[in-house]
Amino acid sequence: MGKPTGFMEIARAENPYRSEAARLHDFEDLHIHQPADARRAQASRCMNCGVPFCQSDFGCPLHNLIPEWNDLLYRGREREALARLLQTAPFPEFTGRVCPALCEKACNLENAGSFAYGKAIPDKAGDGDGSNQSFEARHLALTNRDNELYLIETGFEKGWIQPRIPRIRTGRRVAVVGSGPSGLACADLLNRLGHEVTIIERADRAGGLLMYGIPNMKLPKSVVERSIKLMEAEGVRFLLNAEADASIMDEYDAVALCGGAKKPRALNVAGIFAVDYLTAATKAVLSGDEPLISAKDRHVVVVGGGDTGNDCVGTVLRQGCASVVQLEMMPAPPVERLPGNPWPEWPRTLRTDYGQLEAIHRQGGDPRIYETTVRRLLPDAIETVKLRGFDPIPGTEQTLPCDLMLIAAGFVGCETATAERFDVRLNKRGCMMPDDGGHHLRGNLFSAGDMRTGQSLVVRALADGRAAAVEIDRYLRE
Ligand SMILES: Cc1cc2nc3c(=O)[nH]c(=O)nc-3n(C[C@H](O)[C@H](O)[C@H](O)COP(=O)(O)OP(=O)(O)OC[C@H]3O[C@@H](n4cnc5c(N)ncnc54)[C@H](O)[C@@H]3O)c2cc1C
Ligand code: SF4
């Protein structure tokens with residue numbers, strides 16, 4: 001169970017960010033990765049609770065065996081810890097970088113920590129380094145995400161990760177449409193179960209939003225490519241620049257539609273959709289060319305205050321924008337949990353993410369403007385208006401300089417073209433969710449990931465891809 005007194009002696013310490021001043025000059029990894037000693041000390045804080053909420057439905061969607069691998073890591077048995085992690089986690093190299101760590105918010109220590117925060121316990125020594133914090137202030141969640149990343153990267157470094165080629169092949173052929181996390185997880189499990197898997201991807205590189213969506217500084221593209229190469233060595237085929245249509249239902253024994261849910265919510269005014277902008281930015285990082293859409297020297301307005309908007313803020317700052325603001329229709333979330341949002345639920349509280357921190361560093365203030373939307377485009381500017389609920393408040397109009405407007409206002413389901421081609425009826429959320437809530441659409445056709453559930457998280461897409469693989473395997477063996 002880690003060290004019995006670990007959580008009382010050792011303060012939580014995440015992999016820190018590089019300083020804003022340093023990281024704004026490049027698209028390299030945001031984080032400084034800590035060495036073995038630091039990670040083992042962090043793992044020692046796990047209490048192996050009687051009811052480990054980190055593994056429950058409130059916590060990790062993959063139900064990772066968190067207390068088990070934290071204990072092994074604390075004892076320096078990294079290889080065994082990694083083997084435990086890989087029992088349930090198909091790609092810890094992705095989740096260890098981009099997962100919002102639902103497990104950490106559901107950790108029992110987070111619960112204790114939220115009481116400590118409530119009492120605002122000061123650092124007694126007043127030096128701000130946390131080393132003299134009072135007992136209660138140390139009750140803060142484990143750093144599972146960083147621990148998991150350390151384990152998988154140690155595995156790659158030490159050569160423990162080698163292609164695992166199935167010894168027996170079933171002779172059944174499966175096509176997976178889309179190479180995002182759900183498609184990769186679905187293909188990976190089906191391949192391990194001995195089926196012959198082909199991934200059909202329309203983009204020029206595999207990875208879905210892992211490749212063209214999440215920016216390089218959050219998830220370096222070399223990491224995505226390393227995982228794809230490993231899958232290829234294990235026998236998964238990738239057909240890139242290929243558009244899937246219904247004829248593959250005759251060619252293959254089963255088809256999994258994992259095409260994502262990238263249909264953007266449109267606004268009353270024209271702008272560039274965030275994913276199109278972020279895709280062009282990543283292509284430029286990978287090729288070394290100028291981006292097709294550049295923010296250099298431009299006044300940028302990002303419409304949408306969420307995570308995608310934050311990625312846009314971080315990217316336009318790196319491209320050298322003249323200024324950036326982020327408009328959000330909703331009011332600012334509370335700083336503390338409200339009574340209706342208790343632990344172990346995900347806290348719906350104010351977060352200031354890396355892009356916003358960078359904007360504060362560069363511009364001297366938070367780029368977010370709440371309860372505000374764009375009303376109309378003007379030459380080199382936009383007119384904004386304050387909102388009460390969804391209604392504009394007359395007389396609150398303002399003009400903001402704008403020569404690049406990025407729309408990050410959310411997603412409204414999957415592309416209708418793919419649904420039409422495969423003759424699948426979309427539900428009210430614009431997704432391919434079968435009526436029974438499973439993954440089986442009809443005949444030999446299945447769906448998974450965002451295409452089934454709507455825009456979600458990498459870890460949920462991975463879990464959904466694996467769940468679909470189990471259903472497909474059952475169907476193929478019937
Ligand atoms: C900008 C952005 C940043 C994000 N950041 C995070 C984050 O930090 N952490 C996190 O947990 N989640 C994040 N998310 C959400 C996360 O990326 C998605 O939930 C996840 O990628 C969904 O995986 P998926 O496999 O279902 O679909 P996708 O990743 O969207 O992949 C679908 C793939 O299918 C392909 N495809 C579609 N139709 C066809 C067809 N007919 N033929 C061939 N190929 C086709 C597409 O080209 C695409 O490559 C982010 C999302 C966005 C938009
Ligand atoms: S995948 Fe996410 S929720 Fe699961 S253990 Fe890792 S960080 Fe936690």
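Two residues are taken to be in contact if their C-beta atoms, placed from the backbone, lie within 7 Å. The structure is a predicted model, in which local features need pLDDT of at least 70, side-chain atom pairs count only at pLDDT 80 or more, and totals for chains, interfaces and linings use all residues. Residues are numbered from 1 along each chain as its sequence is written, while chains are lettered from A and ligands numbered from 1 in the order in which they are written.

We can begin with the whole fold. The protein has 18 helices and 15 strands, these being DSSP runs (H or I, at least four residues, for helices; E, at least two, for strands) numbered from the N terminus. Its radius of gyration, taken over C-alpha atoms, is 23 Å, close to the 23 Å of the globule rule (2.2 Å times the number of residues to the power 0.38) for 478 residues, so the protein is as compact as a globular protein of that length. Among contacts between residues at least 6 apart in sequence, 70% join residues at least 24 apart.

One helix pair deserves a friendly look. Helix α3 (residues 36–43) packs with helix α4 (residues 66–74) at an angle of about 135°, the axes being 8 Å apart; axes are lines fitted to C-alpha atoms over the stretch in contact, and angles run from 0 to 180 degrees between N-to-C directions. That makes α3 oblique to α4 (under 35 degrees is roughly parallel, over 145 roughly antiparallel, 65 to 115 roughly perpendicular and the rest oblique). Here R39, R40 and A43 of α3 meet N70, L73 and Y74 of α4.
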